[in-house]
Amino acid sequence: MNPLEISAAHNRWSTDPAVEKVCLYGGLLLCAMVLPPRTGAPLVLLATVVATLAYARVSARLFLLALLGPVLFIALGSVPIAVSLHGGPHLEPGGVDLAVDTVLRAIAASAATIGLAVTTLMADLLDLARRAGVPASLCHVADLTYRLVGIFVQSARACREAVGLRLGMRDARGAVAVIGAQSALIFVRATDRARAMSEAMSLRAEPGMTAVLTDDRRARPARLAGTAALLGVISVTATLTWRTWSGA
């Protein structure tokens with residue numbers, strides 16, 4: 001199991017119904033997408049951090065490390081929004097404001113998505129999707145894709161450990177050659193293992209008919225009401241603050 005799966009299986013909310021966590025983090029994700037980013041994104045990020053770290057008791061180090069990659073990608077991706085190279089590097093009119101809004105919105109949405117990932121098992125999400133009426137074939141594809149990503153990660157970790165034991169990363173030139181060969185090896189090995197896994201799952205049942213073993217846990221009305229109240233407070237506060245800010 002990777003660290004995200006371990007966290008999803010052992011956090012304080014691991015035995016709570018998946019629908020409660022989907023409503024919470026899905027609602028926060030929706031708020032990050034539709035609310036004014038300057039006032040809504042900080043509230044969404046704050047609510048996500050408090051819920052994940054204080055209530056679900058997820059490791060702060062794991063959450064921040066998982067969020068670091070998307071934050072760096074978002075920051076680098078926002079540069080072309082603010083800077084234009086036509087006629088020489090210069091700031092686009094309104095580009096900085098648009099870049100800031102994009103970064104705030106994307107970081108808040110990423111935090112909400114990671115919060116769901118570190119608190120909810122994939123088996124619970126697939127079971128919830130099947131009950132919600134998502135086609136079985138789509139759930140099957142999602143399950144295979146998730147397992148394939150896990151295979152890639154495991155293969156990369158094993159290859160990296162083997163290279164380290166052979167002292168293949170002692171200098172920059174050797175590291176480039178090793179990384180290239182390692183990438184090719186990982187792709188071939190992971191593809192072979194993914195094909196074997198797909199064939200094994202097909203022998204067990206028709207595609208889309210495989211089931212996951214989960215407990216039947218019903219959502220608690222009080223928890224759903226609390227989530228709705230939290231999302232409502234965030235929406236109203238962000239909207240009113242933005243109107244006051246823009247009006248000033």
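My entries start with the ground rules and then go through the chain piece by piece.

**Ground rules**

I am working with a predicted model, in which local features need pLDDT of at least 70 and side-chain atom pairs count only at pLDDT 80 or more, while totals for chains, interfaces and linings use all residues. I number residues from 1 along each chain as its sequence is written, and my side-chain values use heavy atoms, with hydrogens and water left out.

**Entry 1: the whole chain**

I began with helices and strands, which are DSSP runs numbered from the N terminus (helices are H or I with at least four residues, strands are E with at least two). I found nine helices and two strands. Their order along the sequence is α-α-α-α-β-β-α-α-α-α-α.

Next I looked up burial, where buried means under 20% relative accessible area, exposed means over 50%, and partly exposed is in between (1.4 Å probe, protein chains only). Of the 248 residues in the chain, 32% are buried. I noted an accessible surface of about 14,800 Å² (Shrake-Rupley method, 1.4 Å probe). Carbon and sulfur atoms own 68% of that surface.

Then I turned to contacts, meaning heavy atoms within 4.5 Å. Taking contacts with a separation of 6 or more, I saw that 76% join residues 24 or more positions apart.

**Entry 2: helix H5**

H5 covers residues 95-117, which makes 23 residues.

**Entry 3: from H4 to Val 103**

Gly 77 lies in H4 and is partly exposed, at 42% relative accessibility. Phe 73 and Val 103 are 30 residues apart in sequence, and their C-alpha atoms are 9.9 Å apart in space.

Arg 57 sits in the loop between H3 and H4. I noticed its positive phi of about 60 degrees, although Arg 57 is not a glycine. Is Arg 57 buried or exposed? Arg 57 counts as exposed, because its relative accessibility is 55%.

**Entry 4: where H2 meets H6**

I compared axes here, which are lines fitted to C-alpha atoms (for helices over the stretch in contact), with angles from 0 to 180 degrees between N-to-C directions. The axes of H2 and H6 come within 10 Å and cross at roughly 90 degrees. The two helices are therefore roughly perpendicular, a label for angles of 65 to 115 degrees. On the H2 side the contact is made by Ala 18, Val 19 and Val 22, and on the H6 side by Asp 124, Leu 125 and Leu 128.

In H6 I listed Asp 124, Leu 126, Asp 127 and Ala 129 as buried. Just after H6, Gly 133 takes a positive phi of about 100 degrees.

Glu 20 is in H2 and is buried, with a relative accessible area of 3%. What does Glu 20 contact, leaving aside neighbours within four places in sequence? I wrote down Arg 218, Ala 219, Arg 220, Arg 223 and Leu 224.

Asp 143 lies in helix H7 (residues 136-165) and is buried at 8% relative accessibility. Not counting residues up to four places away in sequence, Asp 143 touches Leu 126 and Met 201. The C-alpha atoms of Asp 143 and Leu 126 are separated by 7.6 Å, with the two residues 17 apart along the chain.

**Entry 5: disulfides**

A disulfide is a covalent bond between the sulfur atoms of two cysteines. I searched the whole structure for pairs of cysteine sulfur atoms within 2.5 Å and found zero disulfides. Cys 23 is partly exposed, at 33% relative accessibility, whereas Cys 139 is buried, at 7%.

Key. The expected span of a helix is 1.5 Å times one less than its number of residues. Angles under 35 degrees count as roughly parallel, over 145 as roughly antiparallel, 65 to 115 as roughly perpendicular and the rest as oblique.
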